[in-house]
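User: Hi! Could you walk me through this one?
Analyst: Happy to, let's take a look together.

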Amino acid sequence: MKDYDLEIRVLKQKIADAHALLNQLETERKNYLTQLERRKAFLSSREILDILETKAGRAGSMATVKRWADQGYLGDWIDERETFPLLVSKQGNKRFLFPRESVLTYLYKKGYLRPSYEVLDRVQLTRDSTCCWGIITSVERSDQHFTYQVQLEITGEVLLSVSEEELLIP
């Protein structure tokens with residue numbers, strides 16, 4: 001004869017253990033996603049070099065980034081392993097992260113982060129599969145990208161927040 005009471009107790013214990021594990025995993029996932037979101041506010045040395053290469057066409061070195069950091073140009077650094085322990089860390093002895101906005105501001109001031117178009121450039125706007133001509137009247141930096149204010153030649157209408165992907169230079 002089966003011992004129903006014992007089987008029920010064992011099954012209830014398994015369910016309680018599974019609920020505890022589920023709660024632990026959900027909490028850990030929430031903390032992981034929070035750290036992942038917070039990590040976006042920082043740049044590593046490798047990411048800085050990648051920006052230099054893609055935006056300025058300049059191959060930098062870790063020594064250059066270290067010098068800029070030592071001179072205080074990149075803002076206050078943090079240790080990635082201490083600040084974001086749940087994220088998969090890269091290899092290496094030290095993993096310093098720098099505040100994204102400080103780095104990008106410095107690169108912009110140094111001329112390494114430049115817009116593709118300047119004020120008063122005549123550009124062709126390709127929006128909604130139509131092409132028209134315009135003049136750039138202002139440029140604003142938004143993170144690593146630039147947005148433009150363009151005045152259309154035909155109508156005089158001013159378009160705000162035009163991305164670089166929508167513009168072509170003749």
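**A chat about the model**

Analyst: Leucine 36 has a relative accessibility of 34%, so it counts as partly exposed (buried is under 20% relative accessible area, exposed over 50%, partly exposed in between, with a 1.4 Å probe and protein chains only). This is a predicted model, where local features need pLDDT of at least 70, side-chain atom pairs count only at pLDDT 80 or more, and totals for chains, interfaces and linings use all residues. Residues are numbered from 1 along each chain as its sequence is written, and side-chain values use heavy atoms, leaving out hydrogens and water.

User: Where is leucine 36 placed?
Analyst: Leucine 36 sits in helix α1, residues 4–39 (helices are DSSP runs of H or I, at least four residues; strands are E, at least two).

User: And what does UniProt place at residues 8–35?
Analyst: The unreviewed UniProt entry gives "coiled-coil region" there; such annotations may be inferred rather than shown by experiment. In the model that span is 100% helix and 0% strand, with its end C-alpha atoms 40 Å apart.

User: Switching topic, which residues of α3 are buried?
Analyst: In α3 (residues 62–70), they are Thr64, Val65, Trp68 and Ala69. Seen down the axis of α3, they fall within an arc of 135 degrees, so they line one face of the helix (the arc is that of the directions from the helix axis to the C-beta atoms).

User: Which exposed residues are on the face turned away?
Analyst: Ala63, Lys66 and Asp70.

User: What covers the buried residues of α3?
Analyst: The cover includes α2 (45–56), β3 (96–99) and α5 (100–110), with contact meaning heavy atoms within 4.5 Å.
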